[in-house]
Amino acid sequence: MPAIHLDNLIKRYGETQVLHGIELEMADNEFTVLVGPSGCGKSTTLRMIAGLESVSDGEIWVDGEAVSHLEPKERDLAMVFQDYALYPHMNVAQNISFALRLQRRPKSEIDKKVREVADVVGLTEFLHRKPGALSGGQRQRVAMARALAKDSGIFLFDEPLSNLDAKLRGQMRAELALMSQRVEKNMIYVTHDQIEAMTLADRIVVMHGGYIQQQGSPEELFKRPVNKFVAGFLGSPPMNFLNGEIEERDGEVFILGEGFALSIEGAAAEKARAHNHKLVTLGIRPSDLRFDADAPAHKVLSLDVTVSEYIGAQSVLLCKCGTETVMVELASETPVALGQTLKFAVNANGVHLFDRETEKAL
Amino acid sequence: MADATLTSSPNARTARRRRTERLNRLTPYLFLGPAAVIMAIALLYPLGYMVWGSFRDWDPSQTIGEAEFVGLKNYITLWGDPNFRESLGVTLRFAFFVVTFEMVIGVGLALLLDRNIRGMSMLRTMFILPMMIAPVVVGLMWRYMYHPTVGTFNRTLESLGLPSVDWLGQHALMSVIIADIWQWTPFIFILALAALQSLPRSALEAARIDGATAWQQIWYIKLPLMMPVLIVTGLLRLIDAFKVLEVILVMTEGGPGLSTEILALRISRTATEFRELGVAAAMSNYLLLLLLALTLGMFAFTRWQEARAAKVRMAAEEDS
Ligand SMILES: Nc1ncnc2c1ncn2[C@@H]1O[C@H](COP(=O)(O)OP(=O)(O)OP(=O)(O)O)[C@@H](O)[C@H]1O
Ligand SMILES: [Mg+2]
């Protein structure tokens, strides 16, 4: 329910600083997803919000109240831990109901709640097992159920679905999406899964090395990444990067690089014209390349197809452009043969340009 | 190897596999063998000797063969002997009180000191010092401290204007219990601390988020998870408490009267002063049986608990 504001949050372990001023505003009922490579400080951020790690500097505000000195239990939150953190000596039902039992809720209410959430995560038949007798995925679902049973205003999820199989993961994801619409909660969710991040998030926060790189709606981040890191991190298969140089010929803007000379237009061309550095990195998503045998030579990338990966309706082609590898995603029925050199046109708005030195988007 | 397997007939292969399997099954026994032999000689032989001796009227000047066989007479006389019963009672009281207090204080201290504050490791080391002192020295030390006129305790009481206490006279049993608690609480403390520090940290964090207060964390999470270690520790202390000898020997020699004459002391006196080896052996066997019953009882209890939990689970899973 509450709005959360991380105000220049800093975390140090002794001499090493692992979070460098996290500035984040999470509105009421917002589903925020933290993504980033391993070790970038996602769990640390979450644990500081939970009150399990002390705040070295900065402040955490919840509904306008500074909470960084409060005990976890005074913060009205529920959390799913990355390593589940189940109570080994309690069975599943007792694990799920622990918080409710501490609150001395009536037994009938507790039983009802336990059955309800056990049903949501599909654990009804395991209620009397101890965690030791459950599989990894089942334990993870117990951790999930335990958090759901506790009706808190803030939910913190640290990779809660990482150990589930694809089907279950899909189900739980849908369940979470439904829940976030139905109930008024503020959810913060850490994941490595692109699809989870894209489908669940109202706002995605990309972190790297203890800094926030960019935050915004999934669409915003996908379409307008502010730097090369964000562009390469979101999207699967990842964006292709080719080093090149900006050059203007007869009023047209070209990106020249090893094995290609691509004429660009529209907004990207305007930005390239305005930019005073010539050395750039050209970024194109695999899905923004389309096979086009008839396009004029300066509008296409000519690529040597080396490998074709069939992934169902779509196939991913691994191609060579000079020495660089370029991935192309296209419909599986497109007739391509390995070893050919083919022409691929770039979709409108498919061109991303980054300064080669600062790696910032132009 | 792969070639051989491919070319040999299925029968030969099965035979070979059987042979390897049998060898595999035997391996542990081969390794256990030497230990078993040593145990039989070092443990079972003296034990058998003691049991054998307890059926005889045996004076230290005789060899066991010369002693007269008297059947269960030693056991029966002992059972009717009020002094033996008194001694047994003292032992039971002593063991009960020391183990109870040591467990409560030791575990309490461990819960209190299980945190990362500067200087804590120093403090922990200091806490386990008493355990490192030889029992005879502990006995001597406490005897002086308990001395009615020049002892530390009474001098302190006097300087505070309080009446002095007749430590090793009227309150002898209490005094030896206090000394034992002083010496052996550290044992419980370090084991409890080790158990605490190996608890899953994240489960405790989860409990904090679930809203457990410090007490509730101890009561619902820490103690249940430490229980297996605590049971074994308590059992070890109990067995030890039944056999304590030196400290009491030095402090009170079992007196005044029989008030601190625990079984181990009585056994040693029966053997050396009264020169009745057979009776002493019978007494030892009573003690042994008592300890055996305690240990087996404890194991049976945990087994029973596990079985009950399993049954509840089975029933519940059949229901759903
Ligand atoms: N107790 C600690 N002492 C020192 N450094 C630590 C400590 N805990 C975490 N770190 C460091 O802080 C950084 C962030 O860790 P964190 O667990 O937040 O990463 P993460 O983003 O959750 O990674 P993952 O995706 O692998 O879970 C890491 O580089 C880690 O080495
Ligand atoms: Mg993590």
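Residues are numbered from 1 along each chain as its sequence is written, and chains are lettered from A in the order in which they are written. Local features need pLDDT of at least 70, side-chain atom pairs count only at pLDDT 80 or more, totals for chains, interfaces and linings use all residues, and side-chain values use heavy atoms, with hydrogens and water left out.

**Exercise 1. Find out how much area is buried between chain A and chain B, and which residues of chain A lose the most.**

Step 1. Buried area is the accessible area (1.4 Å probe) that two parts lose on being put together, summed over both.
Step 2. Between chain A and chain B this comes to about 2100 Å², with 62% from carbon and sulfur atoms.
Step 3. Now count residues in contact (heavy atoms within 4.5 Å): chain A brings 27 residues and chain B brings 21 residues.

**Exercise 2. Describe the polar links across the interface, and the side of chain A that touches chain B.**

Step 1. Look for salt bridges (a side-chain nitrogen of Lys or Arg within 4 Å of a carboxyl oxygen of Asp or Glu); the rule finds two between chain A and chain B.
Step 2. One of these salt bridges pairs Glu71(A) with Arg208(B), whose closest N and O atoms are 3.9 Å apart.
Step 3. Sort the side of chain A that touches chain B by class: it has 15 nonpolar, four polar and eight charged residues. Here Ala, Val, Leu, Ile, Met, Phe, Trp, Tyr, Cys and Pro count as nonpolar, Asp, Glu, Lys and Arg as charged, and the others, Gly among them, as polar.
Step 4. For polar contacts (N or O atoms within 3.5 Å, one able to donate a hydrogen and the other to accept it; residues adjacent in sequence count only if both atoms are side-chain atoms), the count is seven residue pairs, both at pLDDT 80 or more.

**Exercise 3. Judge the confidence in chain B.**

Step 1. pLDDT is the predictor's confidence in each residue, from 0 to 100; chain B averages 85, and 96% of its residues score at least 70.
Step 2. Residues 1-5 of chain B stay under 50. Where pLDDT is low, the predicted coordinates should not be read in detail.
Step 3. For the complex, the predictor gives an ipTM of 0.83 and a pTM of 0.80.

**Exercise 4. Which peptide bond is cis?**

Step 1. The bond joining Ser236(A) and Pro237(A) is cis, with omega about -5°.
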